[in-house]
Amino acid sequence: MPNLMDDPKLTAYALGETDALTPDERAAIERELESNAALRRHVEDLHAAAGRLEAELQAEPAPGLSDAQKAALEAELKPGVKSGRKRQVTPLPVASRFERRLAAGAVAALLLVVAGLALPVLTQARRQARAVKTFAGAEDIYRRTEYDRKGVLEYSKTASVYDEIYDPSEANAPKAEYVFGDDGGIKLNDAFIFQGFPFDGIQRTTPNTESYASAKPNPFKSVRGADAVSTFSIDVDTASYANVRRYLNGGQLPPPDAVRLEELINYFPYDYAPPAAGDAHPFAAHVELATCPWNPRNRLAKVGLKGREIPWENRPSSNLVFLLDVSGSMNDRNKLPLVKQALKLLVEKLSENDRVAIAVYAGAAGLVLPSTPCHRKADVLDALDKLQAGGSTNGGQGIQLAYATAAQNFIKGGANRVILCTDGDFNVGISDKGSLIRLIEEQAKGGVFLSVLGFGMGNLKDDMLEQLADKGNGNYGYVDSEREAKKLLVEEAGGTLLTIAKDVKIQIEFNPAVVDAYRLLGYENRVLAREDFNDDKKDAGEIGAGHTVTALYEIVPKGRYAELVGADPLKYQEEGALTSDAHHGEMFTLKLRYKQPEGETSTLMTQAVTDPELGFEKASKDFRFAAAVAYFGMILRDSPYRGSGNWELARELASEAKGDDPKGYRNEFVGLIERASALDPKSNP
Amino acid sequence: MDTQGTAEPGMSGEEARSPNGPAAGAWVRAAVADYEGPLTLYAARLVGNVEAARDVVQETFLRLCRQSPAELNGRTREWLFAVCRNRALDVRRKEKRMTPLTETQAERAPQAASPAPPEALEKRETTARMLDLLQELPDSQQEVLRLKFQHGLSYKEIARVTELSVSHVGVLIHTGLKTLRGQMIPNAEFGMRNAK
């Protein structure tokens, strides 16, 4: 074979397309390759070129179908759809332009239904005006609707779409032309009840599309047998507090599922001592015990962890990739503009050894700023300045691009992190949530962690964002103001960016000789099985430099459980056999496991705790304040364990434990209790 | 499900009647999840804009709804790309009849296909040089290279999708790759990174 160098067959061979060759051709190529080094190099070159082309092409963002198109396909797949309807809602590509608009109108009409339900105070005249206007802009709006696989048509951004579509000047626009026909089953009646749309139904539990995972408060557990052990993963997220604050400041009580006790408690900095200089452990654990303020016959135990503080100038270099949602819904003042402000604060704080890249996603993902060292800070700030919102969301590809960029610029021993900023529309264009989470988990194992910053309101996918940050060894914060941005990205930048220990788990074994029952406050979605504690494969929470993590237990002392749950004491059974250790008066043993940020095996810390029998008023300010925050959360959740207390108790506990409060966070909290109390119909009958 | 009354060009009456029971839904949904992105990307290159491409892809899936899995015989991907391609070419022909494109417009069209925000477009040059080089190749080479390297189709699959012979596909890929390599090699600063 004289000219194999330039033979398509050799290319096919190099690309592994041996099926495209005859056995003879293949054998001839292999013979030649054995003796010809130049040809072998050539094949390697072909390989490399193909690899690069493949990598670049596969990183290219794919737009995917619009949500309405997917909805239409979904309608097609529904069994038992009657023929007449389908035509109306399936924007077939072959349909005329008018038909397509009509289909768009169908979706828009459904939006109106939801909007109408959410805002029932509208007059009929305004509704009609809106219907007309909406129809004109239907295509635009229907791109922002979101149809998820469960058959729930969600309505995004109630308030601002509403503003966009209602224009009083249009109130007298001709409407006869646009009346929805009866034939298609699309009806817009007075009550805004929508009929004939081939979906299973409209699910509308809250007045917007924010979604929260629901979790029942942890119950009291009797200290007998296996239940004597409580195991959970730490959590440093703070989003829930900022979100609750947003609700209260907006004049509304938050939905109970938006209230996560541990995130309220951990929002506040506590004055715990960091590990001593020579201490091998990256964090110190402190336990405090005193009377439970809302149930004085019970004890309250506080476990406080404090991460080692690393002076900002001594921290390892950071390789950060900002992944920003620039979809249309991010246009509001409290979204993209705030994101830009927040990130600028962080960039200002970075030093020349740090790197920043900016990736955006909307209809497609793209790299706005390749990884740039921070001695060119002006370029980074400039790129942030230029960002604009527009388009629909496709988070899936954006996150791949962000991780690829982080991997390309990986700093060994540094802080490698993707920081995702979004209002939560993150489920379009990803084949499924499971594979997204797998991707994030894999990347976290590879050393690229994920922080999630939630912005805006009305569409916050709180449950999803929390889960992403959790799987990505990261933290989840909610940014409702520049002040909050400062707290997360400037004051606590070390904790947010520098992980000092990962997979931190807490296990407490209670002593049945002293304790009858106990209850972990919050951490509902962080509870682990007893055996998970020693299983280093089980993922858990991370702790950052200088971070504090606090957990509270309400403990029922011996002899009171039966009284508490209203059950009679057992007639035939006494407590089981106790070990000799049970008789030393210890209340519980605290065990902690953690891994170094780049380690694979965990280290164990153990501490036995005896109740000093302190009254509540003798406890530290931090203890009392944390108790106040927990109690505030319990009232917001209307927890069955809130005892006899009320808002006034929470306010009293908090205002007496404000301490120095240099940043005013605790003072603000007292204000929030007052607001919540004023908003609660039960406190103002 | 039937669509009587909707005259759908390019669809025989037989296709229009669904052979699928409720169980087929899962199969189509999986195909949508796996291929909506790739197909839209592919179609966008053929028709020149994303909106038209989405319509093409949606119609492709609508046809899949009416297709029995058994008939596809495990060749779903190939079938999707082939149907998508034919539909895209139809659309392109129709569009051309309506607004005849000049030579330069036609060349520019595929680039306009990207729906990236303007900022992303501006910066794209610095990040994607090989893609820029790819844009310069003749359409036939671009298409085949994309099918091979972006969508992972084999020579044989590409041949069936594009209705070319396997050896013709081989020549197009060889020639395209050769041109790209020729233009790449002088840029030594570009660190080689094998994807494998």
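Before selecting anything, take one definition along: a residue is called buried when its relative accessible area is under 20%, exposed when it is over 50%, and partly exposed in between, as found with a 1.4 Å probe on protein chains only. The model is predicted, so that local features need a pLDDT of at least 70 and side-chain atom pairs count only at pLDDT 80 or more, while totals for chains, interfaces and linings use all residues. Residues are numbered from 1 along each chain as its sequence is written, chains are lettered from A and ligands numbered from 1 in the order in which they are written, and side-chain values use heavy atoms, with hydrogens and water left out.

**Stop 1: confidence in chain A**

Chain A averages 76, and 75% of the residues score at least 70. Now select residues 81-207 of chain A, where pLDDT stays under 50 and where the model has 186 contacts beyond four places in sequence; a contact here means heavy atoms within 4.5 Å. Residues 427-431 of chain A also have a pLDDT below 50, with 15 contacts beyond near neighbours in sequence. Where pLDDT is low, the predicted coordinates should not be read in detail.

**Stop 2: the six-stranded sheet**

Helices (H or I, at least four residues) and strands (E, at least two) are DSSP runs numbered from the N terminus, and two strands pair if DSSP finds at least two bridges between them. In which order do the six strands of the open sheet in chain A stand? The order is S9-S8-S7-S10-S11-S12, and the pairing is mixed. S9 and S12 (476-479) of chain A stand at the edges with a single partner strand each, so one side of each has no neighbour in the sheet.

Select S8 (residues 355-361) of chain A, where six of the seven residues are buried. On one side, seven bridges join S8(A) in parallel to S7 (residues 318-325) of chain A, and Val321(A) stands opposite Ala357(A) there. Follow the chain from S7(A) through helix H12 (residues 336-349) of chain A to S8(A): this β-α-β crossover is right-handed, a term used when, with the strands pointing away from the viewer, the path from the first strand over the helix to the second runs clockwise. S8(A) also pairs with S9 (residues 365-373) of chain A, in the antiparallel sense and over six bridges, and Ala359(A) has Leu367(A) as its bridge partner in S9(A).

Next, select S10 (residues 415-422) and S11 (residues 449-455) of chain A, which pair in the parallel sense over six bridges; the partner of Val418(A) in S11(A) is Leu450(A). Helix H13 (residues 377-386) of chain A packs on this sheet, touching S7, S8 and S9 of chain A, and its direction makes about 160° with that of S9(A). Such angles run from 0 to 180 degrees between N-to-C directions, with axes fitted to C-alpha atoms, for helices over the stretch in contact.

**Stop 3: the five-stranded sheet**

Another open sheet of chain A has five strands in the order S3-S14-S16-S6-S5, with antiparallel pairing. Strands S3 (221-222) and S5 (283-291) of chain A are at the edges, each with a single partner strand, so one side of each is left without a neighbour in the sheet. Select S6 (residues 299-307) and S16 (residues 548-557) of chain A to find eight bridges between antiparallel strands, where Lys306(A) has Thr548(A) as its partner in S16(A).

**Stop 4: salt bridges**

A salt bridge is a side-chain nitrogen of Lys or Arg within 4 Å of a carboxyl oxygen of Asp or Glu, and the whole structure holds 43 of them over all chains. Select Lys595(A) and Asp503(A), whose side chains meet at 2.8 Å, N to O. Lys595(A) lies in S17 (residues 588-595) of chain A and Asp503(A) in S13 (residues 499-510) of chain A, so the pair ties together parts 92 residues apart in sequence. Are these two residues buried or exposed? Both Lys595(A) and Asp503(A) are buried.

Moving to chain B, select Glu157(B) and Arg77(B), which form a salt bridge at 2.9 Å, N to O. Glu157(B) counts as buried, at 15% relative accessibility, whereas Arg77(B) is partly exposed, with a relative accessible area of 23%.

Note on methods: pLDDT = per-residue confidence, 0-100.
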